[in-house]
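Thank you all for making time this morning.

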Amino acid sequence: MYKLGLIGHPIGHSMSPWIHEKLMEQQGIEGKYELLEIQPDEFDEKVNLLKEKGLDGFNVTVPYKEKIIPYLDGLDESARHLGAVNTVHHTNQGWIGYNTDGRGFVHSLKNRFPDLFHENSKALLLGSGGAARGIYEALTTTEINRVDIANRTMKRAEHLIQDIPSKAHAGALTLEQAKNTLMDYDLIVQTTTVGMNPDHDQMIVSLDHLTKGTVVSDIVYRPMKTKFLTEAEKRGARLHFGHEMLLQQAVYAFQIWTDTDPESSLLLDEFEQKLRGV
Ligand code: ATR
């Protein structure tokens, strides 16, 4: 009987319980995945109580992905590089922190667009927050050899590139520069919250210079098809959706906790229907 959960604030609308209960069903595993909401002023007390709850593992979301680190006994390489944890596993060496966000992104992208992954491919990330860091780290370990980052505050993009060691070529751009050079990229990833409900009519940059066949990805999954993706589709882009990443990062967490190998593609249609109904 697995005891799993999610800590964060606010988490009332989280899709994680649905995903993990479906994965347990698929794998014939018994267990429970609970929402463990923690108010910011009681973080220390509640996290220490978690240790007594006998959880096998839990996910960590905003705003605690960094704050959880001092409470852990070890970190995987990705969590250490990023300074952020989204998955904690209770092992006999204690609580070990992982970050499955970037890996989830890359896996879901590679499944759909394997042709992107070669050394002449060029990627552009829009944004430089926590999500961008994870995606940058994971993308730069693939065959893709150039990953540029554009951000409203260009300095943050420069810092991100300096902070995360990588073998890929990388450069920082302003959003204006990015907008004018979209045609140079094979993959464009929108990593900010711009376009998320209720501000679904917003777009981080105009897509006038986008060319046909480019893969355009948006990590926002509410709405499922953002304005950014809708406009990209009108220009002949191939689309990659935020919920595909969300599902795959959960599958990786589930694998860590249960040592099973679930198949996310079996769940994708059902997950899309569920999201449309929310
Ligand atoms: P998180 O760590 O959760 O990703 P964050 O650190 O606040 O969140 O990062 C949010 C990202 O969205 C940043 O890249 C931010 O740009 P700045 O670094 O210039 O603040 C970007 N962002 C948020 N609102 C934006 C907007 N209206 N236009 C452009 N970029 C925006």
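Let me begin with a term: a residue is called buried when its relative accessible area is under 20%, exposed when that area is over 50%, and partly exposed in between. Please also keep in mind that what you see is a predicted model.

With that cut-off in hand, please find Leu267, which sits in helix 10. Is Leu267 buried or exposed? Its relative accessibility is 4%, and because that is under 20%, Leu267 counts as buried. If we set aside the neighbours within four places in sequence, Leu267 is in contact with Trp18, Ile19, Lys22, Leu23 and Leu247. Take Leu23 from that list: Leu267 and Leu23 are 244 residues apart along the chain, and yet their C-alpha atoms are separated by 8.3 Å.

Helix 9, residues 242-258, packs with helix 10, residues 265-277, at an angle of about 120 degrees, and their axes are 11 Å apart. The two are therefore described as oblique to each other, and helix 9 passes helix 10 in a right-handed crossing. On the helix 9 side the residues that meet the partner are His243, Glu244, Leu246 and Leu247, while helix 10 brings Leu267, Leu268, Phe271, Glu272 and Leu275. Sorted by class, this contact has six nonpolar residues, one polar residue and two charged residues.

Helix 9 also packs with helix 1, here at an angle of about 55 degrees and with the axes 10 Å apart. Helix 1 and helix 9 are therefore oblique to each other as well, and their crossing is right-handed. From helix 1 come Ile19, His20, Leu23, Met24 and Gln27, and they meet Leu246, Leu247, Ala250, Val251, Ala253, Phe254 and Trp257 in helix 9. How many charged residues does the contact of helix 1 with helix 9 have? By class it has 10 nonpolar, two polar and no charged residues.

Ala232 is part of helix 8, residues 227-234, and with a relative accessibility of 0% Ala232 counts as buried. Apart from neighbours within four places in sequence, Ala232 is in contact with Leu207, Leu210, Val216, Ala237 and Leu239.

My last stop is in a loop, the one between helix 4 and strand 7, where you will find Ser121. At 2% relative accessibility, Ser121 counts as buried, and its side chain reaches the backbone oxygen of Leu116 at 2.5 Å. Not counting residues up to four places away in sequence, Ser121 touches Leu116, Ile144, Asn145, Arg146 and Asp186.

Terms used
Residues numbered from 1 in each chain as written. Predicted model: local features only at pLDDT ≥ 70, side-chain atom pairs only at ≥ 80, totals over all residues. Heavy atoms only, no water. Axes fitted to C-alpha atoms, helices over the stretch in contact; angles between N-to-C directions. Helix = DSSP H or I, 4+ residues; strand = E, 2+ residues; numbered from the N terminus. Parallel < 35°, antiparallel > 145°, perpendicular 65-115°, else oblique. Left-handed = near helix turned anticlockwise from the far one by under 90°. Contact = heavy atoms within 4.5 Å. Nonpolar A, V, L, I, M, F, W, Y, C, P; charged D, E, K, R; others polar. Buried < 20%, exposed > 50% of the residue type's maximum accessible area, 1.4 Å probe, protein only. Polar contact = N/O pair within 3.5 Å; in protein donor to acceptor, adjacent residues only side chain to side chain.
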